[in-house]
Amino acid sequence: RVGAILQPNGTLWVIGSYHNIFRVGAILQDLGYWILNDIVWRKSNPMPNFRGRRFTNAHETMIWAARDKDAKYRFNYEAMKTLNDDLQMRSDWTIPLCTGAERLKNAEGKKAHPTQKPEALLYRTILSSTDVGDVILDPFFGTGTTGAVARMLDRRYVGLERDQEYAALAKERLAGIEPLAEPSLLTTPAKREQPRIPFGWVVERGLLKAGQTLTDHQRRHTARVRADGTLASADFRGSIHQVGAHVQKAPACNGWQFWHVELGNELVPIDLFRQKLRAELH
């Protein structure tokens with residue numbers, strides 16, 4: 001039934017342990033879904049195995065799937081990369097179990113739900129594959145972690161839960177949650193969606209001047225800025241990308257990130273000037 005309301009370019013997330021996740025994955029494939037990734041949630045503080053008869057279960061598996069192999073699904077690559085200290089986000093996520101103040105308690109002071117998921121896990125999941133204003137359906141809502149994180153990130157949500165006690169706890173929990181910030185701070189535009197800034201604009205605006213020397217961050221290579229927005233090294237002339245590739249004897253180069261300039265006593269990438277001009281366009 002979830003498949004009947006999933007949008008053509010929407011995606012599906014399922015989480016489970018070894019008890020069920022392989023059967024779920026097989027069923028999804030039989031139904032025509034296209035599996036994009038299997039994510040290993042590695043628990044940094046797993047529950048111990050008291051009987052000592054098998055390995056400690058220290059992870060769960062999440063399946064991320066699209067409607068079919070041709071679906072134009074959303075993946076917020078740039079957001080995941082910046083979230084991971086500018087490294088590509090991998091498919092193994094180390095996140096602790098839900099503990100402390102985040103863990104909901106019932107009237108008796110005991111854990112309200114046996115498998116309450118940590119908000120950090122839903123934060124990464126929702127941020128990776130949805131946009132501000134999107135609608136998220138959780139048909140096993142529990143105590144409302146999906147809804148809580150959705151509200152924080154300014155997404156809409158629908159939660160279904162048949163247990164009245166869990167539903168009441170979720171309703172109480174969600175009542176006090178507001179978006180973390182205005183929408184512009186909750187989304188990371190993909191590079192292909194950002195306006196193109198030619199290096200020549202940086203020169204004609206006077207942010208860099210003809211004759212100024214650029215270098216790489218290790219100061220091994222240099223080139224001089226030309227008035228037409230190209231660079232000249234000792235034996236080659238071309239774009240910031242072409243000259244960067246030439247001096248490194250590399251097949252390609254991102255000149256915005258490779259070339260740096262001395263500002264005061266600091267060496268900074270010329271990409272700072274591109275970002276300045278992009279900000280002015282908005």
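Where does the second largest pocket lie, given the domains that give residues to its lining? The views below take us there, and then into the nonpolar cores. This is a predicted model, in which local features need pLDDT of at least 70 and side-chain atom pairs count only at pLDDT 80 or more, while totals for chains, interfaces and linings use all residues. Residues are numbered from 1 along each chain as its sequence is written, and side-chain values use heavy atoms, with hydrogens and water left out.

**View 1. The second largest pocket lies between domain 1 (2-185) and domain 2 (199-280), because both give residues to its lining.** Domain bounds come from an automatic or database assignment. The volume, meaning the space filled by probe spheres set on grid points joined across faces, edges and corners, is about 380 Å³. Closest to the centre, of 14 lining residues, are E78, K191, Q257, D271 and Q275. (A pocket is an open set of points on a 1 Å grid over the protein atoms alone where a 1.4 Å probe fits, with protein on both sides within 12 Å along at least five of seven lines; lining residues have an atom within 4 Å of a point.)

**View 2. α10 (271-281) and α3 (77-83) each supply at least two lining residues to this pocket.** With 4 residues, α10 gives the most. (Helices are DSSP runs of H or I, at least four residues.)

**View 3. The largest nonpolar core has 22 residues.** F199, L208, L214, L231, W259 and I270 touch the most other members. α8 gives the most to this core, with 4 residues. Apart from it lies another core of 18 residues, among them I95, L97, I126 and I136. (Such a core joins buried Ala, Val, Leu, Ile, Met, Phe, Trp, Tyr and Cys residues through side-chain atoms within 4.5 Å; buried means under 20% relative accessible area, with a 1.4 Å probe and protein chains only.)

Methods: Buried < 20%, exposed > 50% of the residue type's maximum accessible area, 1.4 Å probe, protein only.
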